[in-house]
Amino acid sequence: MNALRVESNNLTLSDVEKPARGEEALVRVILSGICNTDLEIARGYAGFKGTIGHEFVGVVESAPSGNLVGQRVVGEINAGCGTCDLCLASDPRHCPTRTVLGIVGRDGAHAEYLQLPVANLLPVPSQIPDEHAVFTEPLAAACAITERLSLDSDNMVAVIGDGKLGLLCAQTMALTGARFLLIGKHQEKLRIAERRGIETATVQEAEKRKRQFDVVVEASGAAQGFSLALQLLSPRGTLVLKSTFHGVTELDAAPIVVDELTIIGSRCGRFGPALDLLKRAPSNSTV
């Protein structure tokens, strides 16, 4: 099968064997989504070698139980050991020996076929088209913020970054009733949020609003976003880090200590809530 792989520090289209782990489901990929993390992996992030890609919708070709065969599915990307306390609690996202689709120790979705444990796969409701279902993973990542943080109408929140993840974070978090500002550099992307009633600003405009926000979500995929986030946060505010990228972020710890800021890392989310949101979306809507 064809697969897009990182090999010897190069991104190549390769002809490789179809995956054949009999204890897992084999999925034929219909669509795969390109994430900024894929681009960073191609630059050296995480030291990954193999087939990249972790956003997909596909059809189950074979599975040990047979229950999902022929069904359209999406798949949670963390595959745990199945025996540690985290896995037994049905949350392998931090299993110490987990593999991660297209990121850590497991070939990913930019291929004709992939494999995942049956427990990772969720059927896609018929009313969700493929072009929406492929967004389940990044939408779940956006929803994951509210697993770590409670928001309401009293909160002022800024999201830095107008890429796919930033837009999804702004739209999902706006459902909490909090007051929102999306900060970005691309007017055509900011207009997507504006059409949904979300206030937007350029980076230059946002820099005039220092110390005004209770929560700032950094989703720009750039080291500069961290510095801007610290400027925007009010004392005892919370910084949510969503970006992963190849490189090092310089940290000036003084404002974090002086302003008593909280920093929260936020990674993968559960797919169930994301699929519920996609079911509610009009079939002709776009991200």
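## A salt bridge across the chain

The side chains of Glu55 and Lys164 come together in a salt bridge, with 2.6 Å from N to O. The term salt bridge is used here for a side-chain nitrogen of Lys or Arg within 4 Å of a carboxyl oxygen of Asp or Glu. This pair links distant parts of the chain: Glu55 belongs to strand E5 (residues 55–62) and Lys164 to helix H6 (residues 164–174), 109 residues apart. Helices (H or I, at least four residues) and strands (E, at least two) are DSSP runs, numbered from the N terminus. Glu55 is buried at 1% relative accessibility, whereas Lys164 is partly exposed at 25%. Buried stands for under 20% relative accessible area, exposed for over 50%, and partly exposed for what lies in between (1.4 Å probe, protein chains only).

A word on the basis of all this: the model is predicted, so local features need pLDDT of at least 70 and side-chain atom pairs count only at pLDDT 80 or more, while totals for chains, interfaces and linings use all residues. Residues are numbered from 1 along each chain as its sequence is written, and side-chain values use heavy atoms, with hydrogens and water left out.

## More charged pairs

Side chains of opposite charge can pair when their charged atoms come close. Across the whole structure, the search finds 15 salt bridges. One of them joins Arg93 to Asp91, at 2.6 Å from N to O. Arg93 is buried, with a relative accessible area of 11%, and Asp91 is buried too, at 18%.

Glu260 and Arg236 also meet through their side chains in a salt bridge, with 2.6 Å from N to O. Glu260 sits in the loop between helix H10 (253–258) and strand E17 (262–265), and Arg236 in strand E16 (residues 233–241), so the pair ties together parts that are 24 residues apart in sequence. Glu260 is partly exposed at 44% relative accessibility, while Arg236 is exposed at 63%. Elsewhere, salt bridges with shared partners join Asp91, Arg93, Glu147 and Arg270 into one network.

## Rings and a charge

The search of the whole structure finds 0 aromatic pairs. Such a pair would need rings of Phe, Tyr or Trp (its six-membered ring) with centres within 6.5 Å; planes under 30 degrees apart count as stacked, over 60 as edge-to-face and the rest as tilted.

A ring does take part in another kind of arrangement: the charged end of Lys18 sits over the ring of Tyr113, 4.3 Å from its centre. The criterion is that NZ of Lys or CZ of Arg is within 6 Å of the ring centre and within 35 degrees of the ring normal.

Strands E1 and E2 run antiparallel and are joined by 6 bridges; two strands pair if DSSP finds at least two bridges between them. Asn2 stands opposite Asp15 in E2. The hairpin of E1 and E2 has 2 residues between the strands, and Ser8 takes a positive phi near 55 degrees there. Ser8 lies in the loop between E1 (2–7) and E2 (10–15) and is exposed, with a relative accessible area of 63%. E1 also pairs with strand E4 (residues 50–51) in the antiparallel sense, over 2 bridges. Within that pairing, Gly50 in E4 is the bridge partner of Val6.

Most residues other than glycine have a negative phi, and most peptide bonds are trans. Glu260, from the salt bridge with Arg236, has a positive phi near 55 degrees.

## Buried faces of two helices

Which residues of helix H7 (residues 187–194) are buried? They are Leu190, Ile192 and Ala193. Seen down the axis of H7, these buried residues fall within an arc of 145 degrees, so they line one face of the helix; the arc is that of the directions from the helix axis to the C-beta atoms. The buried residues of H7 pack against H6, strand E13 (179–184) and strand E14 (199–202), where contact means heavy atoms within 4.5 Å.

Ala133 lies in helix H3 (residues 130–133) and is buried, with a relative accessible area of 0%. Leaving aside residues up to four places away in sequence, Ala133 touches Phe56, Val57, Val74, Val124, Ile128 and Leu278.
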